[in-house]
Every structure is written in C-alpha cells, then in structure tokens.
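Let's take a walk through a protein together, one piece at a time. Have the sequence and the 3D view ready, and turn the view as you read.

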Amino acid sequence: MYEMTLEDLLESLNREIHACTKCPLSRTRLNAVPGEGPVNARVVLVGEAPGAKEDETGRPFVGKSGELLASLLKDVGLDRDEVFITSILKSRPPRNRAPRASEINACLPYLYRQLNLIDPTMIVLLGGVAIKSLAGNMKLSECHGELHETNNHTFFMTYHPAAAMRFPRILDVMKSDFELLRRELEMRGG
Ligand code: URA
C-alpha cells in the first residue's frame, strides 16, 4: 500500500494553503506563501507576514529582511537551506498593514500543522506578532533571547529582521540573541 511520506504531507498542506480562502487576504494576494525548507529541519523560523516580494514569488523572506535573516543565520553556522522558514500569515496584508486577529486565527492552524509534521528542536519567533501568536503577550524588550517551552514546542524569542534594518541597536541585540540560539542548539545536539 502506498504510504504518504512527511514530504508528501507537507506538500499536500502547501497545496491546501495555496487554495485557502478562509480570510479576505486570499482575494488580494498574488500568491500564498506557505514557507520553505526541509521537512526534517531542526530549526523553524516564524516571521509575521509576506511582503511585496514574497507575494510576487510565493517564497518566504526573499526581500531585504530575508537577506539579513540569511546573514544572521550564517554567522551562527546555519544555512538558510537547512532551516524551515515561514510566517504567521501565509498571505500578504494590503500595503503590509499589521495582521488582524481574525486573519491570525484563520491562518494559525496551518502553522501548527506544519510544526507537527516537521517536529523541530527549536522554533524561532521573529518579532512581536509571532511571539504574541505562539508564546503569549510578552514585551519583546524583556523576552528576547529567551526560551518559552510548552508541552509540544520550544520557542526562542527574538526581534524581526525588519526592525534590525531600521535600528542598528536592534541588529546588535539580534546578533547576540542568535549567538544564544547557537549555544542552545549545540546543547540540544542540533
Ligand atoms: N517578513 C515576514 O515576516 N515574512 C516574510 O515572509 C517576509 C518578510
């Protein structure tokens, strides 16, 4: 009997996301952006929502934020290709406005299904929207660089690369957060 592999299941989830009409963003997006990376990734990174370039290409973090993210990862010995990169919302909000609670609620089940298939060692939450949606209401200035453990998942909280592009001080903080992340992954054997 043909059994579906984890890759098949992730691919089928991607197709569901591309066809999704659960919120009005499905009417304004060019492409849904499910995320990308290997199904056996040990690290998953979660941003906020696709921007213009992601909407055009259907790929996550391919704009300026993505370049910075790739360089932060490289500095701590992680290759973009070995991690899974996605966002809370899979569709771009018009003019990049903040995600609405109703959109987050409609989209979050897709992320949880992705996380259950991938079952990573660490889920890196990039910025306030990802932190609030998955770990709870915390102040970024107080919780960055810290872990938040739930029954099923281990979250590591830090800033969004878009904030680091605007504020050099935040870039420095993100660099030291990623160094903490590197050590934490090393201790967890991957
Ligand atoms: N910012 C995000 O949060 N996600 C993307 O995919 C791109 C930019």
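A residue is called buried when its relative accessible area is under 20%, exposed when that area is over 50%, and partly exposed in between. Keep these words in mind, and remember that you are looking at a predicted model.

Let's begin with helix α4, which has twelve residues. From its first C-alpha to its last, α4 reaches 17 Å, close to the 16 Å expected at 1.5 Å a residue. Which residues of α4 are buried? They are Ser65, Gly66, Leu68, Leu69, Leu72 and Leu73. An α-helix has 3.6 residues a turn, so residues three or four places apart point the same way. Now look down the axis of α4: the buried residues fall within an arc of 160°, so they line one face of the helix. On the other side of α4 you will find Lys64, Glu67, Lys74 and Asp75, which are exposed. The buried residues pack against the strands β1, β2 and β3 and against α8 and α9. Just after the helix, Gly77 takes a positive phi of about 80°.

One of those partners, α9, is our next stop. Helix α9 runs over residues 168-187, 20 residues in total. Its reach from first C-alpha to last is 29 Å, close to the expected 28 Å. Buried here are Ile170, Val173, Met174, Asp177, Phe178, Leu181, Glu184 and Leu185. Seen down the axis of α9, these buried residues keep within an arc of 140°, so they too line one face of their helix. Pro168, Arg169, Glu186 and Met187, on the other side of α9, are exposed. What do the buried residues of α9 pack against? Their partners are the strands β1, β3, β4 and β5, together with the helices α4 and α8. Just after α9 comes Gly189, with a positive phi of about 70°.

Val44 is found in strand β1, and with 1% relative accessibility it counts as buried. Along the chain, Val44 and Phe84 are 40 residues apart, yet their C-alpha atoms are separated by 4.6 Å. Leaving aside neighbours within four places in sequence, Val44 is in contact with several residues, among them Phe84, Thr86, Leu115 and Val124. In strand β2, which spans residues 84-87, you can find Ser87. Is Ser87 buried or exposed? At 7% relative accessibility, Ser87 counts as buried. Beyond its neighbours within four places in sequence, Ser87 touches Val46, Gly47, Glu48, Ala49 and Phe61.

Now for the empty spaces. Rolling a probe the size of a water molecule over the atoms shows where empty space is left. The largest pocket has a volume of about 580 Å³. It is lined by 30 residues, and Glu48, Ala49, Ser65, His160 and Ala162 lie nearest its centre. The elements that give two or more residues to this lining are α3, α4, α6 and α8.

The largest cavity has a volume of about 120 Å³. Of the 15 residues that line it, Cys20, Cys23, Arg29, Ser91 and Cys107 are the closest to its centre. Helices α2 and α5 are the elements that give two or more residues to the lining of this cavity. The largest share, four residues, comes from α5. Eight of the cavity's lining residues are nonpolar, three are polar and four are charged.

Let's finish with two details of the backbone. Most residues other than glycine have a negative phi, and most peptide bonds are trans. Arg95, however, has a positive phi near 50°. Arg95 is found in the loop between β2 and α5, and at 74% relative accessibility it counts as exposed. Asp119 also has a positive phi, near 50°. Asp119 sits in the loop between α5 and β3, where its 48% relative accessibility makes it partly exposed.

Notes
Residues are numbered from 1 along each chain as its sequence is written. This is a predicted model: local features need pLDDT of at least 70, side-chain atom pairs count only at pLDDT 80 or more; totals for chains, interfaces and linings use all residues. Side-chain values use heavy atoms; hydrogens and water are left out. On a 1 Å grid over the protein atoms alone, a cavity is a set of points where a 1.4 Å probe fits but cannot get out, and a pocket is an open set with protein on both sides within 12 Å along at least five of seven lines; lining residues have an atom within 4 Å of a point. Grid points are joined across faces, edges and corners, and a volume is the space filled by probe spheres set on the points. Ala, Val, Leu, Ile, Met, Phe, Trp, Tyr, Cys and Pro count as nonpolar, Asp, Glu, Lys and Arg as charged, and the others, Gly among them, as polar. The expected span of a helix is 1.5 Å times one less than its number of residues. Buried means under 20% relative accessible area, exposed over 50%, partly exposed in between (1.4 Å probe, protein chains only). The arc is that of the directions from the helix axis to the C-beta atoms. Contact means heavy atoms within 4.5 Å.
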